Amino acid sequence: MRARGGATGRPSIGRLLLRTSFGGPQRYGREVAQEAGISLGQLQHYFGSRAELLAFAADLAGEQSALRVRRALSALGEAPHPRQVLRAMLVELLPLHADSRATSRMSAAYVLEALHDEEVRVRAGSGLIQGRALVEQVVRQAIIDGLIAPECDPVVETDLLLALTGFATLLELGVVEPAAALAAVDRHLDRLFGGGVTG
């Protein structure tokens, strides 16, 4: 059972969906099977439902996003400033290049599915909770280290940082240009860190 390009199985179908920016939860069945170069029966063999197909592709998107973040953090070298860490995490979650646009659109499709499927909602929420915890950990340590003002509430500051990922929709629809979104991210980080390290 081979998807287009000669690869086989669930992973190849998931990668295909990411490359084609999976058009949303309504796309399950003949259309997806046709793009994957397999029969509808083969698709149903790999994925018993639309939700299962979307969950698999969303997991793959999450893995790719995490990989991009790890690479960005690695490029910062040893003991990077927490401002740089937070900026790298936020930038890699925004649809600023082909890979991040594909994962952003997959995540958006997953959220739409979660609105109508309780199991998907719980699964999607679990992943977001884990990501949020990582951001809050960086913020809390920066407060302890005196890099963020001690009166700042780490919970509120974490939520404000994550709110910046809302630029994803504005970027996708062309309401905000990439340079403007990055400028807003940098301005917020400057305020949080008192205008310290940039980049």
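**View 1. Helices α6 and α7 are oblique to each other.** Angles under 35 degrees count as roughly parallel, over 145 as roughly antiparallel, 65 to 115 as roughly perpendicular and the rest as oblique. The model is predicted: local features need pLDDT of at least 70, side-chain atom pairs count only at pLDDT 80 or more, and totals for chains, interfaces and linings use all residues. Residues are numbered from 1 along each chain as its sequence is written, and side-chain values use heavy atoms, with hydrogens and water left out. The two helices pack at an angle of about 135°, and their axes are 7 Å apart. Axes are lines fitted to C-alpha atoms, for helices over the stretch in contact, and angles run from 0 to 180 degrees between N-to-C directions. On the α6 side the contact has Y110, E113 and A114, and on the α7 side V120, R121, R123 and A124. Contact means heavy atoms within 4.5 Å. By class, these residues are four nonpolar, no polar and three charged. Ala, Val, Leu, Ile, Met, Phe, Trp, Tyr, Cys and Pro count as nonpolar, Asp, Glu, Lys and Arg as charged, and the others, Gly among them, as polar.

View 2. Along the sequence the pattern reads α-α-α-α-α-α-α-α-α-α. Helices (H or I, at least four residues) and strands (E, at least two) are DSSP runs, numbered from the N terminus. Of the 199 residues, 39% are buried. Buried means under 20% relative accessible area, exposed over 50%, and partly exposed in between, with a 1.4 Å probe and protein chains only. Among contacts between residues at least 6 apart in sequence, 65% join residues at least 24 apart.

**View 3. The largest pocket is lined by 44 residues.** S65, L93, S107, G127 and L128 are the lining residues nearest its centre. Two or more lining residues come from each of α4 (50-75), α5 (82-92), α6 (98-114), α7 (118-144), α8 (154-163) and α9 (167-172). The lining has 22 nonpolar, 13 polar and nine charged residues. The space in this pocket is about 1500 Å³. On a 1 Å grid over the protein atoms alone, a pocket is an open set of points where a 1.4 Å probe fits, with protein on both sides within 12 Å along at least five of seven lines, and lining residues have an atom within 4 Å of a point. Grid points are joined across faces, edges and corners, and a volume is the space filled by probe spheres set on the points.

**View 4. Helix α5 is mostly covered.** Nine of its eleven residues are buried. They are P82, R83, V85, L86, A88, M89, L90, V91 and E92. The cover over these buried residues includes α4, α6, α7, α8 and α10 (178-192).

**View 5. A79 and L93 lie in the loops on either side of α5.** A79 is in the loop between α4 and α5. Its phi is near 50°, a positive value in a residue other than glycine. With 76% relative accessibility, A79 is exposed. L93 is in the loop between α5 and α6 and is partly exposed, with a relative accessible area of 40%. L93 and T103 are ten residues apart along the chain, and their C-alpha atoms are separated by 8.5 Å.

**View 6. S104 is a buried residue of helix α6.** The relative accessible area of S104 is 14%. Beyond its neighbours within four places in sequence, S104 is in contact with P95, A168 and E172.

**View 7. R140 of helix α7 meets V155 of helix α8.** R140 is partly exposed, with a relative accessible area of 40%. Leaving aside neighbours within four places in sequence, R140 is in contact with P154 and V155. The C-alpha atoms of R140 and E157, 17 residues apart in sequence, are 9.5 Å apart in space. V155 is partly exposed at 33% relative accessibility. With neighbours within four places again left aside, V155 is in contact with R132, E136 and R140. V155 and E136 are 19 residues apart in sequence, and 6.8 Å apart in space from C-alpha to C-alpha.

**View 8. D159 is in helix α8.** D159 is partly exposed, at 39% relative accessibility.
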